[in-house]
Amino acid sequence: MNAPEPGPGDGLPAVAPQLRALRRRAGLTLEAAARSAGLSPAHLSRLETGQRQPSLPMLLALARIYGTTVSDLLGETVAERDSIVRAPDMEPTHAGGWTYFQAGSSGRGMQALRVRVPYGTQGDIVRVHPGEEWLYVLKGRLRLRLGDTAHLLAPGDSAHFDSLTPHRLAAEDHDGVELLFVHTLLQSPTATLCLGHPTGELP
């Protein structure tokens, strides 16, 4: 069962104004941006007004569509193109039940995150988008579906795949899973990521 969606007062106070400002900077209407992200205009409007908080996959989707990064959506102030990110500067951010830490600097062609995925969150969300993703399991076990094939990854296992392959991630164990996660950023307002609820469950 998925974790409940955070309420208006939870989690990411900087997201709402940033979402609207970056959408307008990208020259997209609410309807066009929502369609590209696989959301309804009403849902995106609620995100922009702070009535709902986005999950991490939604943030990734909107970042690609707006030609920016998750850091910019969150209003984070990591030094532009700084080569080193120190552990004390990796502040946790919570989105849709996940916790992630910015593990790389902004202004690059890739985004690096350290992600904690609790059991039972977002395992029914399928993602499809241009680019590549690489992940490495630090702790726990990960259920990863790539297309029609399911994989169980243990600590030390990694995956590197074309993001146009439909994929979804979920923690196998009740203690959750912790990952290193790197994905390519497509700096284009036309880049899309599709979110959906597939039939069936991961084995």
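Author: Contact here means heavy atoms within 4.5 Å. Helices are DSSP runs (H or I, at least four residues), numbered from the N terminus. This is a predicted model: local features need pLDDT of at least 70, side-chain atom pairs count only at pLDDT 80 or more, and totals for chains, interfaces and linings use all residues. Residues are numbered from 1 along each chain as its sequence is written, and side-chain values use heavy atoms, without hydrogens and water.

Reader: At roughly what angle do the axes of helix α2 and helix α3 cross?

Author: Take α2 as residues 30-37 and α3 as residues 41-48. Axes are lines fitted to C-alpha atoms, for helices over the stretch in contact, and angles run from 0 to 180 degrees between N-to-C directions. A value of 65 to 115 degrees counts as roughly perpendicular, under 35 as roughly parallel, over 145 as roughly antiparallel, and the rest as oblique. α2 and α3 are therefore roughly perpendicular, with axes that come within 8 Å and cross at roughly 105 degrees.

Reader: Which residues of α3 does α2 meet?

Author: From α2 come Leu 30, Glu 31, Ala 33 and Ala 34. Their partners in α3 are Pro 41, Leu 44, Ser 45 and Glu 48.

Reader: How are α1 and α3 oriented to each other?

Author: Helix α1 spans residues 15-25, and its axis comes within 7 Å of that of α3. The two axes cross at roughly 120 degrees. α1 and α3 are therefore oblique.

Reader: Which residues make that contact?

Author: α1 supplies Ala 16, Pro 17, Leu 19, Arg 20 and Arg 23. The α3 side is Leu 44, Leu 47 and Glu 48.

Reader: Which helices do the buried residues of α2 pack against?

Author: Buried means under 20% relative accessible area, exposed over 50%, and partly exposed in between (1.4 Å probe, protein chains only). In α2, Leu 30, Ala 32, Ala 33, Ala 34 and Ala 37 are buried. They pack against α1, α3 and α4.

Reader: Which residues have the most contacts inside the largest nonpolar core?

Author: A nonpolar core is a set of buried Ala, Val, Leu, Ile, Met, Phe, Trp, Tyr and Cys residues joined through side-chain atoms within 4.5 Å. The largest has 42 residues, and its largest share, seven residues, comes from α4. Those with the most contacts inside this core are Tyr 66 and Leu 142.

Reader: How far apart in space are Leu 56 and Trp 98?

Author: Leu 56 lies in helix α4, residues 56-65. Leu 56 is buried, with a relative accessible area of 1%. In sequence, Leu 56 and Trp 98 are 42 residues apart. In space, C-alpha to C-alpha, the distance is 7.0 Å.

Key:
Helices (H or I, at least four residues) and strands (E, at least two) are DSSP runs, numbered from the N terminus.
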